[in-house]
Amino acid sequence: MLASPCCRAPLDDLSCRRCGRGFARVAGVPVLRLDGSSAAIDVAEARYAAGREPWDYGHSAAEVQKYDLLELLCARVLGGASLAVDIGCSSGLLAERLTQLTSNVAAIDLSVTTAARVKQRLGERVTVAAASALALPFADGSVDLAVLSDGLISWELGVAERAAAVAETHRALKSSGTAIFMEYLNPRRHHELLDAVATRFEVRDVIYLHDRLWYVAESASRVLKGTALYQALDRSLAFADALKSLGRRLGPRGSKHLCVVVRKVAAPATAWEPHRLR
Ligand SMILES: C[S@@+](CC[C@H](N)C(=O)[O-])C[C@H]1O[C@@H](n2cnc3c(N)ncnc32)[C@H](O)[C@@H]1O
Ligand SMILES: [Zn+2]
């Protein structure tokens, strides 16, 4: 299912069938990146160099609930052998969940270090590559579902690069394919995600996770990090639910995470119109 990131053509032994460009394999993972020495790659690799997952996504209650929601949304559109792609997969937690929903899952990350760990952990269940969202290693119109979670805005791309990542997602999707953009943002910046995707896609759903108070509590209790109390609160789904109920009362301002579900259509509306959203 992987294609060359240069011409989006099939790969023959990791060489692009169209232009002949060759790509390497590192620790069992194809490195399908066009620029081997960009600063963004160095940053991504440095994050994983210490050997552990940098964000504690697997345990923190708000993050677990984020994955629960993503899984639910993905289940609505996936079935059988649809191709689902986790873009910016980090340690592959979402990709792993996606294997319960379809037999065709790919996970890519800019960092070859984390991609190799995902490959080692998930084996043949997931097709893994080190690649960039700005030059996806998938053929045009080949993907049923793309998920960019804590990605598009978090990557701190320039304006043109952000637009390129959205255009790439659009290109790789089948017509009527779905993309899910999840982002952790100050509510004042939520519009940045909507602005970035609404020009290309039809916005189907905007979901606020109402998790802002959880993150406030988490950061206030960081002085307790390393203690049993901190760990209990950090992992408690009941505590997260209670803070969510309070956060809901604040409306969108009560959310750090915002999830935007979009669909590839022939002619999306040119402007995002909030009052029309569910
Ligand atoms: C904050 S983590 C998000 C992990 C996961 N998707 C989640 O929501 O829990 C961002 C990941 O995106 C990767 N990344 C950064 N820039 C990228 C790019 N241009 N293309 C693909 N992945 C990228 C990083 O290496 C990192 O693993
Ligand atoms: Zn090529």
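Residues are numbered from 1 along each chain as its sequence is written, while chains are lettered from A and ligands numbered from 1 in the order in which they are written. In this predicted model, local features need pLDDT of at least 70 and side-chain atom pairs count only at pLDDT 80 or more, whereas totals for chains, interfaces and linings use all residues.

**View 1. Surroundings of ligand 1.** Ligand 1 is surrounded by 20 residues, the closest being Ala44, Gly88, Ser90, Ala133 and Ser149 (C-beta atom, placed from the backbone, within 6 Å). The shell consists of 10 nonpolar, eight polar and two charged residues (nonpolar: Ala, Val, Leu, Ile, Met, Phe, Trp, Tyr, Cys and Pro; charged: Asp, Glu, Lys and Arg; polar: the others, Gly among them).

**View 2. Val197 in helix H6.** Helix H6 covers residues 190-198 (helices are DSSP runs of H or I, at least four residues, numbered from the N terminus). Val197 counts as buried because it has 24 C-beta neighbours inside 10 Å (the cut-off is 20 or more other C-beta atoms, placed from the backbone, within 10 Å of its own). Leaving aside neighbours within four places in sequence, Val197 is in contact with Val166, Phe181, Val260 and Val262 (contact: C-beta atoms, placed from the backbone, within 7 Å). Cys6 is 191 residues from Val197 along the chain, and their C-alpha atoms are separated by 23 Å.

**View 3. Packing of helices H2 and H9.** Helix H2 (residues 61-77) packs on helix H9 (residues 237-248) at an angle of about 80°, with their axes 9 Å apart (axes are lines fitted to C-alpha atoms over the stretch in contact, and angles run from 0 to 180 degrees between N-to-C directions). H2 and H9 are therefore roughly perpendicular (65 to 115 degrees). Ala61, Ala62, Val64 and Gln65 in H2 meet Leu237, Phe239 and Ala240 in H9. By class, this contact has six nonpolar, one polar and no charged residues.

Conventions. Helix = DSSP H or I, 4+ residues; strand = E, 2+ residues; numbered from the N terminus. Buried ≥ 20, exposed ≤ 12 C-beta atoms within 10 Å, placed from the backbone. Contact = placed C-beta atoms within 7 Å. Parallel < 35°, antiparallel > 145°, perpendicular 65-115°, else oblique.
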